[in-house]
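Me: I have a model open on my screen and I'd like to learn how to read it. Could you walk me through it?

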Amino acid sequence: MKKIFYLLLLFSVSSFSQEIALLKYNGGGDWYANPTSLPNLIRFCNANINTRIKEKPATVEPGSPDLLSYPFVHMTGHGNVVFSDNDVENLRNYMYGGGFLHIDDNYGMDQYIRKEIKKMFPNNNLTEIPANHPIFQKPFPFPNGLPKIHEHDGTRAQAFGIFVEGKLVLLYTYESDLGDGWEDEEVHNDTANARDKALKMGANIINYIFTN
């Protein structure tokens, strides 16, 4: 309970010192994929939605007590993910205490991460988030919901969530590749329009965290 109280206290003053983090997980998946993504998203948010996030994101492990220092933790990769029992408990406490986990499937993570999400929330099902949810409304409108940035299997982009007492605490973006769209232009040669949509959707996620 002391950790949770401290987390809530920290978030209440986050406007004075904002920092976000990348999750370094076990299992063999490339947690370090898209190295330019978060720095670019941070710059975009600081320039366009009046955040003051530290320019260099932190790296944090799921079982670390340092997890409680970050209001937003981003997770990506293409492969296997394994959370230990301690990881599961720490991540669950983090989200119940006010933290937000964004998991962005970089293509290939889906079959693994769904099992780990179920370990964290055995009594909660991933729910598809409708296009009228606030996370798609402001500051940039996405009337059709999650944008599709990269094409893989010809399926539509979907945003799934875990809700605690009606509040979104875990966002899982699937078949979208937001993180690829946040990367430096030359990495994937995405169009300016695709990168703009990805960054604006990322800004909506950050805005949702800091205003809810």
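Predicted model: local features only at pLDDT ≥ 70, side-chain atom pairs only at ≥ 80, totals over all residues.

Me: Which way do the side chains of β4 point?

Reply: In a regular strand the side chains alternate between the two faces of the sheet. Here F100, H102 and D104 go one way, L101, I103 and D105 go the other, and all are buried. Buried means under 20% relative accessible area, exposed means over 50%, and partly exposed is in between (1.4 Å probe, protein chains only). With six of its six residues buried, β4 is largely enclosed by the rest of the structure.

Me: What kind of unit do β3, α3 and β4 make?

Reply: To judge the hand, point the strands away from you: a crossover is right-handed if the path from the first strand over the helix to the second runs clockwise. β3, α3 and β4 make a right-handed β-α-β unit.

Me: How about a helix: where do the buried residues of α4 fall?

Reply: An α-helix has 3.6 residues a turn, so residues three or four places apart point the same way. In α4 (residues 110-120), the buried ones are D110, I113, E116, I117 and M120. Looking down the axis, they fall within an arc of 130° (taken from the directions from the helix axis to the C-beta atoms), so they line one face of α4. Q111 and K115, on the other side, are exposed. The cover over the buried residues includes β3, α3, β4, β6 and β7, with contact meaning heavy atoms within 4.5 Å.

Me: Which residues have the most contacts inside the largest nonpolar core?

Reply: A nonpolar core is a set of buried Ala, Val, Leu, Ile, Met, Phe, Trp, Tyr and Cys residues joined through side-chain atoms within 4.5 Å. The largest one here has 63 residues, and M75, F83, M120 and L170 have the most contacts inside it. Helix α7 (residues 192-211) gives the most to this core, with eight residues. Beyond its neighbours within four places in sequence, M75 touches F83, I103 and I113, among others.

Me: How many salt bridges are there in the whole structure?

Reply: You're looking for a side-chain nitrogen of Lys or Arg within 4 Å of a carboxyl oxygen of Asp or Glu. A search finds six. One of them joins K119 and E116 at 2.9 Å, N to O; both lie in α4, three residues apart. K119 is partly exposed at 34% relative accessibility, whereas E116 is buried at 7%.

Me: Which residue does K148 form a salt bridge with?

Reply: That would be E175, with the closest N and O atoms 3.0 Å apart. The pair links distant parts of the chain, 27 residues apart. K148 is partly exposed at 22%, and E175 is buried at 4%.

Terms used. Residues numbered from 1 in each chain as written. Heavy atoms only, no water. Helix = DSSP H or I, 4+ residues; strand = E, 2+ residues; numbered from the N terminus.
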